[in-house]
Amino acid sequence: MPIILTALKNGEFKTENEIADLTDWISKVGSPADLNTIFEYGLAEGTSEASQEIVLQALASAGRLRKLQPAGDINRLSRFLRSENQALFASAAALAGQWKLESARGGLEEAFLAAPANQARAQAALTGLISLGGPKTATLFQNLAKDATAPFLTRSLAVTGRTRMNPAEGAKLAVAVLTEAPGGKDPHGIFDAFLANKQGPGALSAALKNASLPQEIALTGVQKASSAATSPQGLVKALQDAGGLKPMKMALSPEEMEAMMSHVATKGNPHNGETIYRRAALQCVVCHAIGGAGGVIGPDMVSIGASAPVDYLIDSLLQPSVKIKEGYHTTLVTLKNGDSFAGAIAREDDNEIVIRDAVGNENRIAKSEIASNQISPVSLMPPGLTASLREDEFVDLVRFLSELGKDGDFKTPPNRFVRQWQTLMPHERTRDEIGHQGEIIFTEEIDSYIWLPIYSKVNGALPVDETPDVVGRGSNRYAVARTFIEVSEPGEIKLKFTGKLKDLVLFHGDKEIELPEDGEEAEITLKIKEAGRQKFTFAGLKKYGLDEVTLELIDDAGKTQFVPVLEF
């Protein structure tokens, strides 16, 4: 051990993989003194930020699995809370909470209060504050949640924090904040916080007694609660009562099924159905892929129409827990502290289990903290997802699914289209900076930029109207998206880019690719100097008729490969 640690201090471990392997081993077998050695390596001048993050993750693992901290002054961790690197800050915030590092409170609170400017940093700070705990944290969350002048984001995160600490206290705050939810959505996971604790559904149900909620947010809550592995029917009923919702009829009689199948065949519009399928509120693309475009929680639907009868599709939408495909059952893990995690088992070893939830997030859980681990009879797909649809919309959705894989418009073409993208969310700096620097600002690695997954349609095209409006100068609004391609060796690669080229710019890294001034298609040959991951970003003006964009690899698959969006 001493020889290896000396080699680390002397810089003999060169690559991030080598450092990760070593620090992971130390986290599992090392003493507090050994942990201090890797901590000092992380603190040393010249250690890269990537290596520092690796060190902090190893220290967190040692604390989580073995309840060990490094010897020496752990307050040295506060240095990393000043980092502008988002991943490094997040690792430090989590570790500060785990170590109960009171000296870190000021830095964590500052980041949390700046949530509107940098949501990702605030959420990392929230994790640290929850673990830090104590009366000061509870008071902070309580006061912010009650502050009607505070941004909805900040109030939502405060409710989540208080709920994670004490579900009953969080429930007292939640109803007022949920009532103000924009568009009836729960974008920051208030409902999820209650569903993640065994006491949470009961606490929220009690708070909803004799209360009222707008129908849209009540329906959102019903959908989330109905898909929870614990199936909290008391909470579902409380939400239905608070929102004045009538439960949707889930089971059709034979006569009703026959009539519905006839409507699908004669009146269903699959093109409208694809648009409905892609609605954010239905969450279809979050869990299911079509030809690799979409989430990885549920089965790929690329050929579901060619393999499944229409009545099966209808039943699966209305009663998803009745017929769960083999290998897609939900695992429910409950911890000794009452927290629970539901999803699919991503991987497991002797010390921990990793659960991938319904939106693709992976939760690492120490086996020593698990109270129970069981297979749930409830599908991760919520049974109430289609409750917001009119009957004609439901018919169109089923018709779309029934066409997948059949010859025609909804058979995934063999072209190597980019199907997984990230789209840029609106950001305060773009309006002014684009006037000074141009569209190159969209290629910059700005920590406060938020990039969210978005997927191409069955035909390979990315619909521009599904991207957020990124503000430019004057009335200009941009669609901005990026993707990554792995290139196996230096040399030329060939791409095809389609869309209304006059209103589009395309970048390779931070270099703009020259496109024709007009037309709808450009074939591009690029010289790649170094093998590895290549970033491509496009920005398009939205108000002049730009509707869809495609990016296609026209090299053989041995030269270029798509990078999955979860690895961006």
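Figure 1. Met 1 is partly exposed, with a relative accessible area of 30%; by the cut-offs used, buried means under 20% relative accessible area, exposed over 50%, and partly exposed in between (1.4 Å probe, protein chains only). The model is predicted: local features need pLDDT of at least 70, side-chain atom pairs count only at pLDDT 80 or more, and totals for chains, interfaces and linings use all residues. Residues are numbered from 1 along each chain as its sequence is written, and side-chain values use heavy atoms, with hydrogens and water left out. Met 1 belongs to the segment before α1 (2–9); helices (H or I, at least four residues) and strands (E, at least two) are DSSP runs, numbered from the N terminus. Together with Ile 4, Trp 25 and Val 29, Met 1 forms a nonpolar patch on the surface, with about 310 Å² of accessible area in total. Patches consist of residues with over 30% relative accessible area and no salt bridge, with like charges joined within 9 Å and nonpolar side chains (Val, Leu, Ile, Met, Phe, Trp, Tyr) within 5 Å. Accessible areas come from the Shrake-Rupley method with a 1.4 Å probe, and for residues only the protein chains shown count as cover.

**Figure 2. Surroundings of Ser 27.** Ser 27 lies in helix α2 (residues 16–29) and counts as buried, at 1% relative accessibility. Leaving aside residues up to four places away in sequence, Ser 27 touches Leu 35, Ala 58, Ser 61, Ala 62 and Arg 66, a contact being heavy atoms within 4.5 Å.

Figure 3. Helix α20 (residues 391–403) holds Phe 394, which is buried at 6% relative accessibility. Not counting residues up to four places away in sequence, the contacts of Phe 394 are Met 260, Ile 314, Leu 317, Leu 318, Thr 386 and Leu 389. Glu 393, at 8% relative accessibility, also counts as buried. The side chains of Glu 393 and Arg 279 meet in a salt bridge (2.6 Å, N to O), defined as a side-chain nitrogen of Lys or Arg within 4 Å of a carboxyl oxygen of Asp or Glu. This pair links distant parts of the chain, 114 residues apart, with Arg 279 in the loop between α16 (270–277) and α17 (284–287) and Glu 393 in helix α20. Arg 279 is partly exposed, at a relative accessible area of 33%.

**Figure 4. The salt bridge between Asp 186 and Lys 224.** The structure holds 26 salt bridges. In one of them, the closest N and O atoms of Asp 186 and Lys 224 are 3.1 Å apart. Asp 186 is placed in the loop between α10 (167–179) and α11 (190–195) and Lys 224 in helix α13 (residues 215–226), so the pair ties together parts that are 38 residues apart in sequence. Both Asp 186 and Lys 224 are buried.

**Figure 5. The salt bridge between Glu 548 and Lys 457.** A salt bridge joins the side chains of Glu 548 and Lys 457 (2.7 Å, N to O). Because Glu 548 lies in strand β19 (residues 548–553) and Lys 457 in the loop between β10 (451–455) and β11 (462–463), the pair ties together parts that are 91 residues apart in sequence. Glu 548 is partly exposed, with a relative accessible area of 26%, whereas Lys 457 counts as buried at 18% relative accessibility.
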